[in-house]
Amino acid sequence: MNSDLPSLVAENVTLTLDTIQILDDVSLSMKPGRLVAVIGPNGAGKSSLLSILSGLWTADTGRVLLNNREVGNYPPAERARYCAVMRQDNTRPAGMTVLEAVELGRFAREAEGEASDLAWAILEQMGLADLAARDCTRLSGGEWQRVAFARTVAQVSSADGAGVLLLDEPVSSLDPSHQHELLGEARRLARAGHAVLAILHDLNLTAHYADEVALLSAGRVHACGPAAEMMRPEILSEIYGCQVTEVCEGGQRALVSFPPGKR
Amino acid sequence: MNPAREDEARRRGRRQRRLCLLAILFPVVLALASAFGAVPIGPAELWQLFSGAGDTSDVVRAVFWDIRLPRVLFAALVGASMALAGAGVQGLFRNPLADPALIGVSAGAALGAVTFFYFGWQNALGGWLLPVAAFTGGWLAVIVLGLFNVGFASGGTAKLILAGVALNAMMGSVLGFFLFSASDDALRSMTFWTLGSCASAQWSQVLVLLVFLAVGIFLLWPNARPLDALQLGQDQAAHLGVSVLRVRLEVIVAAALLVGAATAFAGTIGFIGLVAPHLARLLLGGLHRAVLPGALFIGGMLLVLADLGARTLAAPAELAVGILTAAIGAPFFLWLLRRPSSWSA
Amino acid sequence: MLRPATILAFLLCALSTRAEAPRLVTAGSAVTEIAVALGLTPQIVAVDTSGQAVEGMGDKPDVGYVRMLGAEGILAQKPDLLLVSGEAGPPSVLGQIRAAGADVVIIPNGYSLDDIDDKIRTIAAVTGRVEEGEKLIMKVESDVHALRAATANHDGERPSVVFLLARHGGNLMAAGRETAAHAMIQASGGRNICADFNGYKPLSAEIFAVTTPDFVIVSESIGGDDAQFLASVPGLGASSAGGGLRVIRVDDAAFLGFGPRTPSAATQVAAALRQP
């Protein structure tokens with residue numbers, strides 16, 4: 001019995017939708033304390049993988065284990081206590097404040113209205129306190145993305161153990177400074193014992209914040225391993241099909257992609 | 001304390017106060033509505049009616065206890081049922097234009113009723129067969145929608161809405177056929193049934209409506225929080241721990257029960273199911289813990305007031321209540337929409 | 001039509017025979033017409049919308065459309081007796097009125113001239129006006145005899161007729177079988193060209209493609225002259241140009257109501273149908 005240690009493991013997962021093979025024999029493992037980044041070209045199957053990992057979809061073959069138990073066997077409310085998901089596509093609730101939206105993260109844990117102190121603390125910690133009373137429909141895209149992240153954090157905050165966080169492109173609408181802030185917070189959560197997975201597109205952010213990187217391409221795990229080994233120009237150039245180069249500036253390394261045909 | 005948190009606390013306080021105000025206003029409106037009618041009953045006489053003292057005439061007693069009071073309660077219950085169903089369905093579909101009619105229950109009920117008019121059975125079993133037929137029709141429509149719709153079990157609400165639109169169109173064409181081939185007499189009865197009315201209210205119907213409203217509340221109240229979560233999208237709600245299918249099933253069953261019963265007795269009364277939840281949201285914000293009771297109170301008051309107009313404005317003649325629900329509700333609705341910051345100030 | 005002197009005589013008779021005349025509410029145009037013809041005018045405290053058009057009823061309170069009566073509105077008129085035609089409703093409202101102590105008598109509708117006698121007889125009986133009732137029946141029956149005489153020695157084929165009803169919105173409905181209009185066309189010696197369907201149907205030009213009617217019967221409330229009206233009917237514009245088609249305008253309450261004025265209205269139509 002190790003329910004204190006969050007883990008999410010996908011074993012040989014395949015998925016076919018309308019005769020199109022979306023995922024092909026994908027295995028992936030999330031451990032407490034680690035931030036795993038999943039990167040890969042559009043259509044590689046990243047979001048589908050997230051839907052399967054979160055238990056929303058069922059794989060055709062293979063299995064997904066959340067804390068050593070098949071994810072499909074959890075009742076939704078119990079699953080939500082161990083595994084929080086931040087999706088890209090969530091719509092904004094009209095007539096609901098930021099604080100209320102963050103409180104919704106506690107749906108599976110507390111009755112309505114009992115989580116407002118916790119939600120407030122998280123908003124303060126993320127620098128969102130000033131927005132607390134704002135209607136969700138009156139936020140900018142980036143602000144709403146940060147609120148969604150705050151809600152996801154609220155969902156796994158617990159005195160009785162860490163959880164699993166699945167983040168689908170959590171920084172896609174953020175300015176550079178907030179990208180660092182959000183991913184920095186994600187990494188802090190990992191260090192605090194949570195198991196974190198983020199789908200990312202920004203190569204430098206991936207290289208900087210991820211502990212491990214899974215390269216997904218055409219539904220298969222192309223490679224998986226420590227970030228330092230995965231984020232190499234020749235590997236990335238191959239899976240993205242465009243030239244990725246590493247440049248050094250004052251001791252800092254950065255990955256840069258150029259338009260095709262130019263160099 | 002951070003000003004935003006104070007704002008938020010103020011907002012919660014305001015919501016509580018407004019909800020309390022609606023809860024107080026509701027019985028007040030009912031009481032006022034029962035004081036007015038074509039037969040003038042003064043305050044002194046009303047007191048005598050309740051206390052049993054004095055010597056009120058038999059006619060006044062019959063008018064108040066057997067005609068006016070059941071009618072006011074009937075209107076309140078029908079309005080409350082339509083509005084509560086509307087609030088549930090709008091929350092479920094995350095669509096402010098969603099109407100309980102969308103799940104086919106109104107058209108099904110109309111079809112059930114019109115079938116009875118067509119064959120001239122409307123007075124069978126002391127008039128109770130007609131509401132049963134309307135209710136059954138409404139339920140059949142919802143079940144057909146459930147059976148045909150793959151999206152009912154999985155997939156998006158858009159599919160469910162489209163299936164509802166198609167089902168409504170189908171039933172509309174059958175309804176049109178009945179209307180086309182009906183005798184002149186049946187046609188007129190059908191037309192008046194579809195206009196909606198509270199004129200035939202009886203205590204027995206009030207009792208039945210009360211039971212259905214109680215069941216509707218019982219099914220919807222525990223789903224208030226899940227409906228809030230659903231506003232983030234179906235998938236996100238599932239990630240938060242909502243059993244989306246169960247919520248859908250319970251809300252649709254509740255809406256079908258509420259609208260089915262209300263339509264069966266009162267005919268098709270539009271507008272309230274659409275507008276009362278909106279009014280509730282404009283006054284109380286988006287949380288269903290407030291929207292559901294708010295819509296219930298507003299819908300009840302709206303129909304009581306509309307029916308008060310229907311029975312007094314042209315007295316001794318009756319006006320069609322459907323005309324008045326829109327006439328009372330729509331300007332109020334537009335006024336609230338126009339106010340730049342009705343809630344989220 | 002009854003002369004004022006007759007009404008006065010009835011009135012005096014009524015006052016002399018009963019100490020307290022029951023207050024009446026009537027609904028349905030034929031019922032109201034009969035009640036008025038029986039001299040019950042002073043007792044009638046309210047009528048339905050259709051009754052407003054009946055002589056002397058214009059200033060009585062209007063209890064609304066006969067199918068959409070309201071219990072409290074009617075009870076506010078403190079009636080002792082409600083006389084309503086068969087279509088009156090809703091039934092539960094009639095039940096509530098009964099429960100509140102007023103008598104409700106429903107006079108069945110029928111699309112036969114013989115039914116008029118039954119209506120008169122019933123109303124006369126419940127209002128204690130048997131004598132006046134018999135007089136009215138005799139008058140109606142003599143009108144019916146006149147009508148039969150007008151249509152009996154009619155040679156050759158019956159003229160073809162269509163009855164058009166203008167619904168709001170301007171669209172016209174043609175009367176098929178099982179309508180008062182159909183029965184009246186028959187009684188007036190005409191032949192309804194729309195006898196192959198039931199009830200009122202929206203008029204389509206195709207009806208006239210099969211048979212062109214000799215006569216169009218419409219309500220006198222329709223505005224414009226005959227040529228204007230015919231031009232507005234789809235499918236008739238062409239055939240009416242020949243001049244063979246004629247328009248008969250009727251008082252629809254009299255023609256379709258199956259009340260005391262109906263036989264003479266039919267006789268007038270019968271005469272119009274026989275004009276060369």
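In this predicted model, 33 residues of chain A are in contact with 28 residues of chain B. On the side of chain A that touches chain B, at least two residues each come from helix H2 (76-82), strand E6 (83-86) and helix H3 (98-103) of chain A. Of the elements of chain A, H2(A) gives the most to this side, with four residues. By residue type, the side of chain A that touches chain B divides into 18 nonpolar, seven polar and eight charged residues.

Chain B also meets chain C. That contact takes 30 residues from chain C and 30 residues from chain B.

Next, consider chain B by itself. Chain B holds 14 helices and zero strands, so its elements, read from the N terminus on, run α-α-α-α-α-α-α-α-α-α-α-α-α-α. Taken along the principal axes, the C-alpha atoms of chain B fill a box of roughly 65 × 55 × 35 Å. The radius of gyration can be set against a simple expectation. A compact globule of 345 residues would have a radius of gyration near 20 Å, and the 21 Å of chain B agrees with that.

Two of the helices in chain B show how such elements can meet. The axes of helix H3 (residues 58-93) and helix H12 (residues 272-284) of chain B come within 7 Å and cross at roughly 70 degrees. Because angles of 65 to 115 degrees count as roughly perpendicular, H3(B) is roughly perpendicular to H12(B). On H3(B), the residues that make the contact are Gly79(B), Met82(B), Ala83(B), Ala85(B), Gly86(B), Ala87(B) and Gln90(B). Their partners on H12(B) are Ile272(B), Gly273(B), Leu274(B), Ala276(B), Pro277(B) and Ala280(B). The contact of H3(B) with H12(B) has nine nonpolar residues, four polar and no charged.

A pair of helices in chain C has another arrangement. Helix H6 (residues 130-152) and helix H12 (residues 262-274) of chain C have axes that come within 8 Å and cross at roughly 15 degrees. Because angles under 35 degrees count as roughly parallel, H6(C) is roughly parallel to H12(C). The crossing of H6(C) past H12(C) is left-handed. From H6(C), the residues Val140(C), Asp143(C), Val144(C), Ala146(C), Leu147(C), Ala150(C) and Thr151(C) take part in the contact. They meet Pro263(C), Ser264(C), Ala266(C), Thr267(C), Ala270(C) and Ala271(C) of H12(C). Here the residues divide into nine nonpolar, three polar and one charged.

Some details of the backbone remain. In chain B, a cis peptide bond joins Ala315(B) and Pro316(B), with omega about 5 degrees. Pro316(B) sits in the loop between helix H13 (288-312) and helix H14 (321-338) of chain B. In chain C, the peptide bond from Gly89(C) to Pro90(C) is cis, and its omega is near 0 degrees. Pro90(C) lies in the loop between strand E3 (81-85) and H4 of chain C. In chain A, Asn68(A) is not a glycine, yet has a positive phi of about 65 degrees. Asn68(A) is placed in the loop between strand E4 (61-66) and strand E5 (69-70) of chain A.

The mean pLDDT of chain A is 91, and 97% of its residues reach 70 or more. Within chain A, confidence is lowest in strand E12 (residues 252-257), at a mean of 88, and highest in strand E8 (residues 195-199), at 97.

Notes:
Residues are numbered from 1 along each chain as its sequence is written. Chains are lettered from A and ligands numbered from 1 in the order in which they are written. This is a predicted model: local features need pLDDT of at least 70, side-chain atom pairs count only at pLDDT 80 or more; totals for chains, interfaces and linings use all residues. Two residues are in contact if their C-beta atoms, placed from the backbone, lie within 7 Å. Ala, Val, Leu, Ile, Met, Phe, Trp, Tyr, Cys and Pro count as nonpolar, Asp, Glu, Lys and Arg as charged, and the others, Gly among them, as polar. pLDDT is the predictor's confidence in each residue, from 0 to 100. Axes are lines fitted to C-alpha atoms, for helices over the stretch in contact, and angles run from 0 to 180 degrees between N-to-C directions. Angles under 35 degrees count as roughly parallel, over 145 as roughly antiparallel, 65 to 115 as roughly perpendicular and the rest as oblique. A crossing is left-handed if the near helix is turned anticlockwise from the far one by less than a right angle, and right-handed if clockwise. The radius of gyration is taken over C-alpha atoms; the globule rule is 2.2 Å times the number of residues to the power 0.38.
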